[in-house]
Amino acid sequence: MIPVPVVVTVLGGWCAVYLADTLLKSSNSLKASYEDWLLTYGLSVSPFHLRWQTALFNRQFYTWGRWKPKFLYLWFSIGMVFGIVAMFGSVILLGKTLLQTLTQMLTEAPKAQNDRMLQVVVSAPSSGLCLRAVCKQIVLHENSPWSVVPGVNLPISQLTYFFSAILISGVIHEVGHGVAAIREQVRFNGFGIFIFIVYPGAFVDLFTTHLQLISPVQQLRIFCAGVWHNFVLGVASFMVLFLLPAILFPFYYTGVGALVTEVAEDSPANGPRGLFVGDLVTNLQDCPVYNVEDWNSCLGDISEKSQVGYCVSAATLQQLSFPARVYRRLDGTVECCSNNSLTDICFSYSNKLDSHLYACLPARKVIEASKVCRTNMDCHKEFVPSFCVTPSLENQTRLIRVKHPPHIDMLYVGHPMHLQYTVSLSSFVPRQNFLSIDLPVVIETFCKYLISLSGALAVINAVPCFALDGQWILNSFLEATLSSLIVEKPNRELVGFLILLAGSALLAANVALGLWMVTAR
């Protein structure tokens, strides 16, 4: 469920803004000056919606729109093709996603979110087209997402990345529309930014009459420019992310381990013999760690596979073990340490006579300088009888040896995913002490958000749905392709309306089920 404090804060804030706006407009003495102030600064206030529009950037937009006409013609023509392909592709993608979600709901065995083809509930804000007949102008604007719930499916610590990526994706999207419109000789009235509930967005204001007079192909170049620019932004962000090791090479090096950048206060790894900021993790058990991807992969393998054992000689086993009562836990696993010690763990092993033997042993003395094993065969040495002793732990719990030289190894007992969620790492190690260990993480995270949100904006916004760019892309596409087959314009409009109705229902179903999967379940 959505956190109550978040709901109260958002509703309270907007109620205060709207109440102040209403009181000022109702005041006989302040109404005129207040409305003049709003008009002067291009501001408008409505329930849960604050908008600012300006003509300050018009000259810059016209400069961009008149730069290298042949190149821009080719650029936006490629964008037109991409937009049309994206329109059809988005319908297929949303259809498959809806079927996948319904299948998960019916089987009551939801898969991991990473297995979904498209997770609409974390998509970027979609962009749409709104005709304003009274002012004889057209407003291309960005409708913010209905489905991202801060604190529920978005960590509070990630809000800055999320909202910044949304705003940048929206601005780049609208710059595409504006420059393409100027290239096609459509009058550009202004650019603006808005906040809807808590989500930022952008829009451009175009003259409707000019837009209606140009050909359908020219209209397609304008309508497709937004999703095309979002796609380009996603690709550019991916290239920066891919080339980041080379870009930061003069200041950071990689491939030597995973650098700890943060350890949560409630993390099991937090303690005098745990991990500290600046530690370099090089191994998890016998799994080498060269970067963050290796850290995640090793923890995944440790979680999926059974607990590894450690080779201990028979003499050492006899020396370290002490008598203890053996009993079974509720999950069926065996416990043999009853001294409430934080350093002793129950180990299981077998010999030729008995396959179920248990010993309570000091974990660090057993594990340090011991070879990892699965069976006794892995521990055979010449003239030295040895056993493979395996920690007898509760289901899903693992004993993990974390190497972070030059410090003593950390011994972690718990679920591997708890370690993954409470320890933040980076693949980049500073070459100098004064360099920030957080900078590469910030760049990486922001690039990932740009790829995700800008890419999602390109896909979702291309859906043939009312109030999205897909509506206008579809209408212009039908005018450009069906005018000779369906001569009567009302008939073409009817075909477009039916397609838009189906596309809107498809998108609405995906968003509704996505929200339900996140909040209700």
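Biologist: Why is R325 called exposed?

Modeller: Its relative accessible area is 56%, and the cut-off for exposed is over 50%. So R325 counts as exposed. Keep in mind that this is a predicted model.

Biologist: Okay, and where does R325 sit?

Modeller: R325 is in the loop between α9 (314-320) and β13 (327-328).

Biologist: Which residues is R325 in contact with, leaving aside its neighbours within four places in sequence?

Modeller: Those would be E335 and C336. Contact means heavy atoms within 4.5 Å, so R325 meets that limit with both E335 and C336. There's also A359, which is 34 residues away from R325 in sequence, with 9.6 Å between the two C-alpha atoms.

Biologist: Let's zoom out. What makes up the chain?

Modeller: You'll find 14 helices and 22 strands. The chain has 521 residues, and 47% of them are buried. For that label, a residue needs a relative accessible area under 20%.

Biologist: How much accessible surface does the chain have?

Modeller: About 27000 Å², with carbon and sulfur atoms accounting for 64% of it. As for contacts with a separation of 6 or more, 69% of them join residues 24 or more positions apart.

Biologist: What holds paired strands together in general?

Modeller: Strands of a sheet pair through backbone hydrogen bonds, and they can do that in a parallel or antiparallel way.

Biologist: And which strands are the edge strands in the open sheet of four?

Modeller: That sheet runs β11-β10-β19-β20, again with antiparallel pairing. Its edge strands are β11 (287-288) and β20, each pairing on one side only. Further in, β10 (residues 283-284) and β19 (residues 398-403) share two bridges, so that pair also meets the cut-off of at least two. N283 has K403 in β19 as its bridge partner.

Biologist: How do you know that β2 pairs with β1 and with β5?

Modeller: Count the bridges again! β1 (residues 43-46) and β2 (residues 49-54) have four, while β2 and β5 (residues 188-196) have six. The cut-off is at least two, so both count as pairs. For examples, S44 is bridged to R51 in β2, and T54 to F191 in β5.

Biologist: What is going on at F48?

Modeller: β1 and β2 form a hairpin with two residues between the strands, and F48 takes a positive phi near 60° there.

Biologist: Last topic: what lines the second largest pocket?

Modeller: There are 32 lining residues, and L342, T343, D344, I345 and V413 lie nearest the centre. β20 gives the largest share, four residues. β15 (344-349), α10 (363-367) and β20 (410-414) each supply at least two. The space inside is about 820 Å³.

Biologist: How many of the lining residues are nonpolar, polar and charged?

Modeller: The lining has 16 nonpolar, nine polar and seven charged residues. D344, one of those nearest the centre, is an Asp, so D344 goes in the charged group.

Definitions and conventions
Residues numbered from 1 in each chain as written. Predicted model: local features only at pLDDT ≥ 70, side-chain atom pairs only at ≥ 80, totals over all residues. Heavy atoms only, no water. Buried < 20%, exposed > 50% of the residue type's maximum accessible area, 1.4 Å probe, protein only. Areas by Shrake-Rupley, 256 points an atom, 1.4 Å probe, with all protein chains shown as cover. 1 Å grid on protein atoms, 1.4 Å probe; cavity = no way out; pocket = protein on both sides within 12 Å on 5 of 7 lines; lining within 4 Å. Points joined across faces, edges and corners; volume = space filled by probe spheres on them.
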